[in-house]
Amino acid sequence: MAATVETSPALEILVREPEGYSIWNGPPFNNNNQSGIKLEKVPCSSAKFSEDGSRLIVTKIDSAISIYDSSTLKEIRCFQIPNVSASALSPYGSYLQTFQKSTTPQEKNVVLWNIETGDPVYQQFQKNMTKATWPSIRFSSDEAVACRLATNEIQFFDAANFSKGILNRLRIPGVAAVELSKAPGSHVAAFVPESKGSPASVQIYACGKELQSQPLARRSFFRCSTVQLNWNHDSTGLLVVVQSDVDKTNQSYYGESKLNYLTTDGTHEGLVPLRKEGPIHDVQWSYSGKEFAVVYGFMPASATVFDKKCKPLLELGSGPYNTIRWNPKGKLLCLAGFGNLPGDMAFWDFVDKKQLGTTRAECSVTSEWSADGRSFMTATTAPRLQVDNCIKIFHYNGSLFFKKMFDKLFQADWKPESPDKFSEIAELIKSVDSMKVEETKSQGQGSISKKPASANPPAQKPAAYRPPHAKNAAAVQAEVFSDNYGLFGGSTTGEMSKNALRNKKREKQKEKKAASDAT
């Protein structure tokens, strides 16, 4: 284990402010709990790591796009592209894809650049850019497969040699969105919206040309406006969140949503069995691709972990939640409520099926686990929120150990790393727990506490609102009925008042007189 920890890469954090971006050294921090600065602020308009974390793309104010080696932070190449509207790196950082505003179809405004040579390897015209159509060319995580959505078809390329042009075309009339499986890039999912009374559908095809004669799986549904397509890591399962703009039951102003599950072997095509009605707030696969977690239902929302056969494995309870984040090591997960919710977070051990701790991170906009699974970072960023911008970093059990405020913060991202480069989370928890035991013994000089104090108490519920007149009335009432007035036989110090003593004396005299009369 020690050898594994020694070879583990250092964590880094990309922080972008109005003055530019900087690179921080991630946890563990120094004795003063302050992060070190690996790179001071560099002016830019955007910055982002590649999917594998090997390269960094930075767009500067003068429309120059620079590509850096993220380990040395040395510039590999700089592209001068006027009127660029968007840019994206391929997963390994081998290619740069840019989109420019175009006025005529003759002008090919989407260009794919080879970063090593600086030459364009593919160009095309694209009228407009939306979230569903960008990046225009999609890559698998290993950059072995590349595809592009075109009119009524999906085009496939040789990702190692784009000079071959289009290798094959998959004809799907009306296709509006595609999602290529990531690891491996063996399958592609296509969404066809409703048209002329025919239902919308999601279809799964193999990427190999000889295997594309018919879909491997298909699911149709009415009342569908948009879909979210989520592949697992071994490309065997696809989760489809179907969203409708109108809720026919009139239970939700924001429409209705359903969660469907399809497998590439055709063993499952249908709805995920959820035990509560309401919207699908969030869904995420585990890193292994063998389980997925769902937050669903009207508030208070419920959360459940399912296996690949849609069988529930663990109920995470209910509460003000709309976000789920799997730990990269697969053992832990964080259940949270951000956005218009108060920011409650619950940390769970999925293997041992127990809750590790709860806390709160109000007004968080982004949240993510570190690659080693030890830390969870939340950030309050502009332009979503213009005040109280900050970065918070929590231990895996929810205890806060770092916080930094900003006048204005645009972005805070972990540098991506493969979780396989780090030690297992089970070994981490054992080592941390042993450290806590040793620390407790040293502080208590060998004494054993009957009930250990929680290092991370649950978030306190806010007190009920009381109007000012009610507060005054309560104060007056307390004063009127207090013992200072001698109405109930005692003073605040525990001694009886004079009136109470007289009353008590009279009662005793009456009792004596009644007893003598009886005899």
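Predicted model: local features only at pLDDT ≥ 70, side-chain atom pairs only at ≥ 80, totals over all residues.
Local features need pLDDT of at least 70 and side-chain atom pairs pLDDT 80 or more, while totals for chains, interfaces and linings use all residues. Residues are numbered from 1 along each chain as its sequence is written, and side-chain values use heavy atoms, leaving out hydrogens and water.

User: Is strand β14 largely enclosed or open, and how many of its residues are buried?
Analyst: Strands are DSSP runs of E, at least two residues, numbered from the N terminus. Buried means under 20% relative accessible area, with a 1.4 Å probe and protein chains only. Glu153, Gln155 and Phe157 on one side are buried, as are Ile154, Phe156 and Asp158 on the other. Strand β14 (residues 153-158) is therefore largely enclosed by the rest of the structure, with a buried count of 6 of 6.

User: Which residue of β15 is the bridge partner of glutamine 155?
Analyst: Two strands pair if DSSP finds at least two bridges between them. β14 and β15 (residues 166-171) are antiparallel, with 5 bridges. The partner of glutamine 155 in β15 is arginine 169.

User: Which residue in the hairpin of β13 and β14 takes a positive phi?
Analyst: β13 (residues 145-150) runs antiparallel to β14, joined by 6 bridges. Alanine 150 is opposite glutamate 153. The hairpin has 2 residues between the strands, and the one with phi near 60° is asparagine 152.

User: What is the relative accessibility of glutamate 143?
Analyst: Glutamate 143 is in the loop between β12 (137-139) and β13. Its phi is positive, about 55°, although it is not a glycine. Glutamate 143 counts as buried because its relative accessibility is 12%.

Notes: Buried < 20%, exposed > 50% of the residue type's maximum accessible area, 1.4 Å probe, protein only. Helix = DSSP H or I, 4+ residues; strand = E, 2+ residues; numbered from the N terminus.
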